[in-house]
Amino acid sequence: LKAAQSASGWKKRQMKKCARKTLQLIQGWAKNGNVNVVHYLYILEAELALLHGKNKDAKKSFNDAIATSSRNGFIQDRALAHELASAYFEAQGDDYWGDYHI
């Protein structure tokens, strides 16, 4: 989805469609009780929210991804969520929170 942020036109629509399909797949896994994918769900939701300009939703999803991956012991995914959150805050001009997450 990072590539979709800089893409335009048909390519961007195609990437968003693929992301929505992936989101639905992960949501299905989470509904069936697979707690090992919930943090991926939050990361994907955050990135999709950014594509749609929903900054408040993105911030909440990044925080949820960090908390969930940390709570479930996925430290590499926690690091990824922090890195993505840092890039988001840096892009928003919020150096304090950007530095906090990196």
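Predicted model: local features only at pLDDT ≥ 70, side-chain atom pairs only at ≥ 80, totals over all residues.

User: Which residues of the largest nonpolar core touch the most other members?

Analyst: Residues are numbered from 1 along each chain as its sequence is written, and side-chain values use heavy atoms, leaving out hydrogens and water. Of the 13 residues in the largest nonpolar core, those touching the most other members are Ile43, Leu50, Phe62, Ala81, Ala85 and Tyr88. Two or more residues come from each of α3, α4 (55–71) and α5, and α5 gives the most, with five residues.

User: What makes a set of residues a nonpolar core?

Analyst: The set must consist of buried Ala, Val, Leu, Ile, Met, Phe, Trp, Tyr and Cys residues joined through side-chain atoms within 4.5 Å. Buried means under 20% relative accessible area, exposed means over 50%, and partly exposed is in between (1.4 Å probe, protein chains only). Another core, of eight residues, lies apart from the largest one and includes Ala19, Leu23, Leu44 and Leu51.

User: Why is α3 described as largely enclosed by the rest of the structure?

Analyst: Because 10 of its 14 residues are buried, α3 is largely enclosed. Among the buried ones are His39, Leu41, Ile43 and Glu47. Helices here are DSSP runs (H or I, at least four residues; strands are E, at least two), numbered from the N terminus.

User: How do you know that the length of helix α2 agrees with what a helix should span?

Analyst: The expected span is 1.5 Å times one less than the number of residues. For the 23 residues of α2 (residues 9–31) that is 33 Å, and the end C-alpha atoms are 33 Å apart, so the two agree. The buried residues of α2, namely Lys16, Ala19, Leu23 and Ile26, pack against α3 (38–51). Just after α2 comes Gly33, with a positive phi of about 100°.

User: Why is Ser86 called buried?

Analyst: Ser86 has a relative accessible area of 6%, so Ser86 falls under the 20% limit and is buried. Ser86 sits in helix α5 (residues 75–91). Leaving aside neighbours within four places in sequence, Ser86 contacts Gly98, His101 and Ile102.

User: What makes Lys60 and Asp64 a salt bridge?

Analyst: A salt bridge is a side-chain nitrogen of Lys or Arg within 4 Å of a carboxyl oxygen of Asp or Glu. The N to O distance between the side chains of Lys60 and Asp64 is 2.7 Å, so the pair meets that definition. The two residues are four apart in helix α4, about one turn of the helix. A search of the whole structure finds one salt bridge.

User: Is Lys60 buried or exposed?

Analyst: Lys60 is exposed, because its relative accessibility is 52%, and exposed means over 50%.

User: Which residues form a nonpolar patch on the surface?

Analyst: Tyr96, Trp97 and Tyr100 do, with about 380 Å² of accessible area together. Patches are made of residues with over 30% relative accessible area and no salt bridge; like charges are joined within 9 Å, and nonpolar side chains (Val, Leu, Ile, Met, Phe, Trp, Tyr) within 5 Å. Accessible areas come from the Shrake-Rupley method with a 1.4 Å probe, and for residues only the protein chains shown count as cover. Tyr100, found in helix α6 (residues 95–101), counts as exposed because its relative accessibility is 52%.

How values were computed: Contact = heavy atoms within 4.5 Å.
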